[in-house]
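Me: Please examine the interface between the two chains and answer my questions on it.

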Number of protein chains: 2
Amino acid sequence: MSSQSIRLRVSVIGLGLIGASAAAAWKQAGHFVVGWGPRSATRDAARARGLVDTAPDTLAEAVANADVVVLAPPVLAIRQLIRDIAPHLSTGTVVTDVASTKASVEEWARDILPPNVEWVGGHPMAGRETAGLEHADTALFRNRVWVVVPSISASAASVDRVVRLATDAGSKVITMKADEHDMAVAKVSHVPFMVSTALSDAVFGNARFADWAPVAATGLRDITRLASGDATMHRDICVTNRDNIAKGLEEVSAVLADLARQVRELPNPATALGTRELDVLGQTFRRIKHDRDGWLPNAK
Amino acid sequence: MSSQSIRLRVSVIGLGLIGASAAAAWKQAGHFVVGWGPRSATRDAARARGLVDTAPDTLAEAVANADVVVLAPPVLAIRQLIRDIAPHLSTGTVVTDVASTKASVEEWARDILPPNVEWVGGHPMAGRETAGLEHADTALFRNRVWVVVPSISASAASVDRVVRLATDAGSKVITMKADEHDMAVAKVSHVPFMVSTALSDAVFGNARFADWAPVAATGLRDITRLASGDATMHRDICVTNRDNIAKGLEEVSAVLADLARQVRELPNPATALGTRELDVLGQTFRRIKHDRDGWLPNAK
């Protein structure tokens, strides 16, 4: 029997959309899946829907003898959860997570986990507007990127175990360091959420919006879509990726202020055609469009 | 025969996507449509595709005896075009346009048009990523908003003629003043384009983007979609809606700077849960999401 086909005992702690979907995908892939959530109704539902093989009542039972423990609560709850499971972990267990930021979580794991277990962070780049176990979908991670973030002390075998789970869920694995990951997701995900939110505030939050609404169209809908994301999740992301997000926001704020200055300095519209100032702004728009269009075929 | 069924002689000047689509829609609705573009190849194509009833070689012939002249070139070209057609217009002709901004165009019309014709501005809220006559589509304006902007001196009969064309193209008409229109589209369309562009610049324009690209997903794609819009059109929009756009950009820039400050002041992630600062940011996100979700069912 090759190591690739060994059935793992996987304990999924937190049965929201991500945890429940992963649990079901791993059960489908042939692993033995233990599920746990703080509410008994959630554990009952996970059992009844066949998302897990078993769902014991206590956290201690849920993590005992696991090959891999997967932490899937909201990110700010992970620190206390690590404290709670630490006394009950078996030697050799690999602990991983699915949180949106990686540096804080890695730090908590390093500070709190006992030396006989190993930490390998994880971040599946998947989500949906609908939350909760009732929307669990084994296809949620298919063809998505699953970032694996090994701690410095993690052995190759431990990393492989997490890589295998990500692969068995249908994802493509990439490996990053925690600080590289947090910088990258700030740029392509967290700052865009904040920009979408800031624009939504300036538009929908204005008392005069009713006057403007008749001319609003699909462009406004698409650019503000991210602002309808989960507020608590994004709040927790801000706390755990503070510096990268603040720096990114200041950067976009400065680009906008500079564009405002360029617009204010534009020539009079009656005499504008053919002027040099006009060419500068048009070239700026063309350059940015070109960069964005170049990436577009790679957008997933 | 009711006035509603009188066949109008409509001259469409400028046969890009908008002009050609409107010409074809009006021909289909039973009007007599004259088309003109500066290039003979365009006039030939309009004739060959049956988008117009006739496409004379000169601008003078194209506007002669028109009930309505529709100006559909890029907005900054409209001023010279009004100069060019002015000597050839017949008494009682209504001149309208389809440009994205209305105050500058209205000013040019007031300054240049002879007193025996009337100006009624127009802005169909329709567009497509593909430009040019070869993409002409009679359904382009169906169920869209067509803003009609009567000049102070326009008679009710002249306004009705433009309203009828908009309606015959399948659009829903709303009437606004030029400055109200320009403020509204700045807020819901022009500033969103600039925000999308600023964010695209900060992301795709960064030399390190290749490092971040593997974790980029559909959220980034959607929020940067507007930045792929036509650069020249948006440059011209900036020139003709300068103050509204600059003010809107400064406003969003300030909201972003304030969010950056709030993020920097967030509590330490290890002790954040349950703190008041955390609640404030979460409530901000929830309020903005609530405002946006409330509008969403009305988004077209």
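The questions and answers below concern the contact between the chains.

Reply: This is a predicted model, in which local features need pLDDT of at least 70, side-chain atom pairs count only at pLDDT 80 or more, and totals for chains, interfaces and linings use all residues. Residues are numbered from 1 along each chain as its sequence is written, and chains are lettered from A and ligands numbered from 1 in the order in which they are written.

Me: Which helix gives the most to the side of chain B that touches chain A?

Reply: The contact takes 84 residues from chain A and 85 from chain B, where two residues are in contact if their C-beta atoms, placed from the backbone, lie within 7 Å. Elements of chain B that each supply at least two residues include β6, α10 and α12; helices (H or I, at least four residues) and strands (E, at least two) are DSSP runs, numbered from the N terminus. With 18 residues, the largest contribution on that side comes from α7(B).

Me: How are α7(A) and α7(B) oriented to each other?

Reply: Their axes, lines fitted to C-alpha atoms over the stretch in contact, with angles from 0 to 180 degrees between N-to-C directions, come within 11 Å and cross at roughly 160°. Angles under 35 degrees count as roughly parallel, over 145 as roughly antiparallel, 65 to 115 as roughly perpendicular and the rest as oblique. The two helices α7(A) and α7(B) are therefore roughly antiparallel.

Me: At what angle do the axes of α11(A) and α7(B) cross?

Reply: Among the residues that meet are A:Val255 of α11(A) and B:Leu199 of α7(B). The axes of α11(A) and α7(B) come within 9 Å and cross at roughly 125°.
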